[in-house]
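Hi,

Here is the structure I promised to pass on.

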Amino acid sequence: MEAANQPLLRLRDLSTDIALRRGTVHALDQVNLQVGQGETLGIVGESGSGKTMTVLSIMGLLPTGGHVVGGEILFDGRDLRGLEDKELRRVRGVEMGMVFQDPLTSLNPTLRIGAQVAEPLRVHQGVSKAEARERAIEILRRVGMPRPDKIVDDYPHQLSGGMRQRVVIAMALIRSPRLLIADEPTTALDVTTQRQILELIDDLREEFRMAVILVTHDLGVIAGRADRVAVMYAGRVVETATTAELFRSPRHRYTEALMRALPESAQPDSDGAGRLYSIPGLPPDLSRPLTGCRFAPRCQFATDECRTTDVGLTPDGSGTGHEFACLHPVTGPVTIAAASPSVRTASEVSDPLLTVRDLVKEYDAGGTGVRRTAGRVSAVAGVSFEVGPGETLGIVGESGCGKSTVGRIVAGLEAPTGGRIVLDGADLATLDRGARHRMHRQVQLMFQDSYAAMNPRMRIDSILTEPLEIQQVGDAGARRARVSELLDQVGLPRRALERYPHEFSGGQLQRIGLARSLALSPRLIVADEPVSALDVSVQAQVLNLMRDLQRDLGLSYVFISHDLSVVDYMADRIGVMYLGKLVEVGPAHQVVRAPRHPYTQALLDAVPTPDPGHAPSPDTTIRGELPSALNPPTGCRFRTRCPLAQDICATEPLLQGATHQVACHFPLREEPPAS
Amino acid sequence: MTRYLLTRLGQALVIVILVTLITFVILHLLPGGAARAILGKEATMQQIAAFDHQMGYDRPLWEQYALYLRRLVGGDLGYSFQLNQSVTEAISQRLPKTMLLSVASTVLAVVVAVPLGVVQAVRRNRWPDYTINGLSLLAYATPIFFMGLMMIILFSQVWPVLPPEAPQGFTLAEVLADPAGLVLPVVTLAILTVAVYSRYIRSSMVDNLNENYVRTARSKGLSESRVIVGHTLRNGLFPVITLLGMYLPALFSGALVVERLFNYPGMGLLFWQAALKRDYPILLGVTLLISVATVVGALIADVLYAAVDPRVRLRAGRA
């Protein structure tokens with residue numbers, strides 16, 4: 001960390017407006033920030049807080065209609081707002097670099113990697129084509145790209161998401177920038193890849209002595225990587241402090257609420273289930289004039305003074321640079337880790353509701369493309385598990401591991417290639433069409449993106465009535481009553497029925513999605529990443545609701561997610577999948593706190609923890625990429641990346657154990673004796 | 001790739017055969033008949049019967065079709081009595097001229113439409129966009145014969161700089177010898193195409209300019225023109241390939257209205273006259289040619305797509 005007398009970048013009262021057809025959104029309101037050379041500033045906040053608009057304002061990349069309307073952007077002492085277009089482009093292209101959120105779409109699909117990476121050199125420094133290529137290979141090697149001399153001639157679609165993000169980073173670094181801006185650089189990536197990318201940015205910052213701005217919604221990512229943190233809410237910075245200080249004693253009530261809403265800080269309640277703290281309400285509409293503290297309407301400590309006085313950032317008096325804008329700040333420390341691990345009473349799987357045996361799903365590769373590739377993709381390869389009544393089975397794994405395919409097969413949306421699914425004692429394969437149709441009532445699916453999963457031209461009324469009509473449940477009057485009852489259950493007002501999906505927020509849509517899956521009174525709901533698209537505070541609301549409904553209705557859940565902390569909070573038992581195989585399954589608290597499979601351990605270590613003191617052990621890092629499911633490794637599929645792999649791993653390990661099962665020749669731990 | 005091409009060619013063959021069958025049946029079910037058309041109103045029943053017998057028109061339809069197919073395999077498209085020349089000859093005389101007209105107008109249209117569409121996309125919802133949009137809507141809505149007439153009135157009557165009639169000539173060389181005569185037909189045909197193409201290019205460019213990769217390009221400090229020409233244009237032009245593929249049959253069939261209007265001796269005029277005179281062999285031959293062009297055009301568009309878009313070219317594995 002540098003003592004920054006003269007910060008490299010300083011924002012002074014930066015205000016940005018975005019003109020839309022129906023009014024102007026005041027996206028940023030007098031934002032003050034600074035970053036010194038060699039320092040990482042983290043900006044956290046929920047969607048709409050203005051964190052991305054802040055960095056886009058700095059880069060001059062605001063979307064159509066966006067304008068900086070006030071304040072200064074001082075870069076190395078010069079106000080970027082006063083610069084000529086040409087000079088501004090040079091600063092942007094040479095002295096700054098930016099890494100974007102979605103690596104899959106931030107590269108030009110029809111240009112070769114090398115040409116894209118070296119383009120700044122060609123444009124700003126007039127480097128020759130041959131030299132540009134050499135420099136591109138060099139920088140690609142530096143960001144850890146395997147075979148850079150080959151990749152330089154590839155096209156983006158030939159690379160995985162993690163590899164593409166390395167390309168974007170290489171593109172930003174090739175001009176040796178003094179400021180690197182990373183806007184949610186790992187949000188679209190798996191945790192093991194996320195860890196590799198964040199470590200890479202850290203290393204490069206030291207090597208190139210850059211200033212880094214890391215924008216993220218993930219407190220865990222910030223805790224591990226940033227020197228200082230700025231918390232944003234509704235277009236303003238509400239608190240800024242060194243990372244250690246912020247996590248030790250957050251002062252602003254919004255910061256506190258964010259931390260309390262994390263699944264890690266679930267407080268056990270009477271039935272041992274634990275509830276999450278959720279922030280009521282929604283962020284304010286920034287197109288209207290606002291007075292007072294913007295968090296006041298959602299704050300339980302707010303007084304009339306909060307609603308009328310404009311509160312500015314004030315130092316806390318400790319001299320550490322800790323500033324906050326709150327009239328009733330937090331006084332005590334906030335602990336994130338749960339007081340006691342939330343041990344849910346693991347129900348005995350005596351008479352399972354759902355039994356899946358040796359489930360196999362293979363897809364034909366290729367198909368209708370210009371080039372046909374022979375071969376079959378092994379998406380799910382012999383997966384077996386049970387789900388008891390009222391139980392939640394969590395399935396975790398990285399993208400491409402087959403967890404969603406399992407969910408879709410269980411919900412009857414796809415037919416398995418092999419294996420058996422027994423629901424409530426009836427083998428689905430032996431049922432005739434009509435009986436299978438009726439079976440759909442028992443199992444329903446809840447989607448990640450509820451907006452995409454709803455017909456935008458149907459009112460909520462029709463969306464919720466449709467399953468009842470298809471299954472011919474009751475008459476029109478009974479259906480109306482049922483739909484109203486569903487809305488009550490998910491905590492939405494009756495008048496929601498007359499509205500269309502686009503009129504709702506993400507959290508509300510997820511409630512509607514849940515209501516739709518509940519319409520037929522199913523016994524099992526397959527929830528595929530139900531909260532992945534939501535902000536922490538809203539995620540807490542939805543998770544609490546899912547738990548309440550489970551308790552009241554005796555539902556079973558198959559809860560599919562890539563987020564281990566969410567699954568840990570929700571599930572009784574957890575199954576870990578890797579490349580189509582279930583590698584470990586057991587009681588949630590055991591799998592998360594005493595994993596037996598090396599992959600589970602690596603996955604757990606890669607999850608960033610919202611605790612700045614926590615240092616991940618370097619020896620469990622797994623490197624490289626998920627192998628192709630087209631030609632999966634023989635034997636244990638994890639052996640190509642496993643630190644413990646030996647010759648015997650070429651033979652397939654079986655899932656062994658009583659309640660905490662693992663498919664590994666060298667399990668990390670013995671199974672604890674059954675209590 | 002080879003296997004894919006073979007499959008596509010097989011499909012194309014089936015389609016072409018089906019098209020010949022359908023045209024054959026429909027043409028022979030039409031009342032009147034070829035004999036009456038050739039022998040005239042005064043022909044007696046005996047004369048007609050004799051003609052039909054000589055031409056094989058009295059045999060069962062399926063037999064006639066089989067005979068037609070057999071000759072077709074041998075490369076014989078039939079003989080037109082009205083024109084007193086073989087169908088192959090009639091087509092090969094006119095096809096080059098039609099292709100000259102179509103290719104020239106398409107090239108002109110693309111050359112004009114691409115910059116127009118790009119300007120519209122870059123200045124969207126501002127006056128250049130509105131102006132071009134209005135004009136292209138006007139061009140799109142104007143019937144082509146009216147447009148042609150206006151062109152003739154304006155450029156050969158009011159301001160007589162160009163001849164109102166297309167060059168008449170048997171060979172391509174003769175037609176080319178009189179380039180001034182080609183201007184009006186080519187431009188008339190191009191105006192409509194420009195209207196269609198520029199709208200496609202505009203919307204495709206607007207979509208692409210909103211893509212994340214454009215933001216990445218801007219973040220490198222590139223000038224706006226480099227962002228547009230170097231990054232967006234190539235991706236924005238993909239729809240044009242599909243359009244061009246769909247346009248291939250029109251290349252062969254000719255522009256009926258324009259050829260009539262300027263009296264240009266191309267395929268359109270040939271087909272028009274044959275339809276009036278019930279010249280079955282010509283009608284069949286031209287239809288066959290157009291159907292072949294249609295399926296080949298679609299095929300070429302797909303292959304072309306694969307050539308310019310690396311995602312299609314190298315798509316391997318998963319759907």
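Which residues are buried in helix 6 of chain A? They are G162(A), M163(A), R164(A), Q165(A), R166(A), V167(A), V168(A), I169(A), A170(A), M171(A), A172(A) and L173(A). Here "buried" means 20 or more other C-beta atoms within 10 Å of the residue's own, "exposed" means 12 or fewer, and "partly exposed" is in between, with C-beta atoms placed from the backbone.

Some housekeeping before the rest. This is a predicted model, where local features need pLDDT of at least 70 and side-chain atom pairs count only at pLDDT 80 or more, while totals for chains, interfaces and linings use all residues. Residues are numbered from 1 along each chain as its sequence is written, and chains are lettered from A and ligands numbered from 1 in the order in which they are written. Helices (H or I, at least four residues) and strands (E, at least two) are DSSP runs, numbered from the N terminus.

Back to helix 6 of chain A (residues 161-173). Since 12 of its 13 residues are buried, it is largely enclosed by the rest of the structure. The cover includes strand 6, helix 3 (113-125), helix 4 (129-142), strand 7 and helix 7 (191-208) of chain A, along with helix 10 (212-219) of chain B.

Chain A has an open sheet of eight strands in the order 6-7-8-3-9-10-12-11, with mixed pairing; two strands pair if DSSP finds at least two bridges between them. At the edges are strand 6 (96-99) and strand 11 (314-315), each pairing on one side only. Strand 6 runs parallel to strand 7 (residues 179-183) of chain A over four bridges. In that pairing M98(A) stands opposite I181(A), and the bridge partner of V99(A) is A182(A). From strand 6, M96(A) and M98(A) point one way and G97(A) and V99(A) the other, and all are buried.

Leaving out residues up to four places away in sequence, V117(A) touches, among others, L140(A), V167(A), A170(A) and M171(A); contact means C-beta atoms, placed from the backbone, within 7 Å.

Finally, the domains, whose bounds come from an automatic or database domain assignment. Chain A is divided into domain 1 (9-226) and domain 2 (251-340), with C-alpha centres 30 Å apart. Their contact takes nine residues from domain 1 of chain A and seven residues from domain 2 of chain A. Chain B gets domain 1 (2-86) and domain 2 (95-313), and 33 Å separate their C-alpha centres. There, 17 residues of domain 1 of chain B are in contact with 16 residues of domain 2 of chain B. Helix 1 (2-29) of chain B supplies the largest share of the domain 1 side, nine residues.

Cheers

Methods: Two residues are in contact if their C-beta atoms, placed from the backbone, lie within 7 Å.
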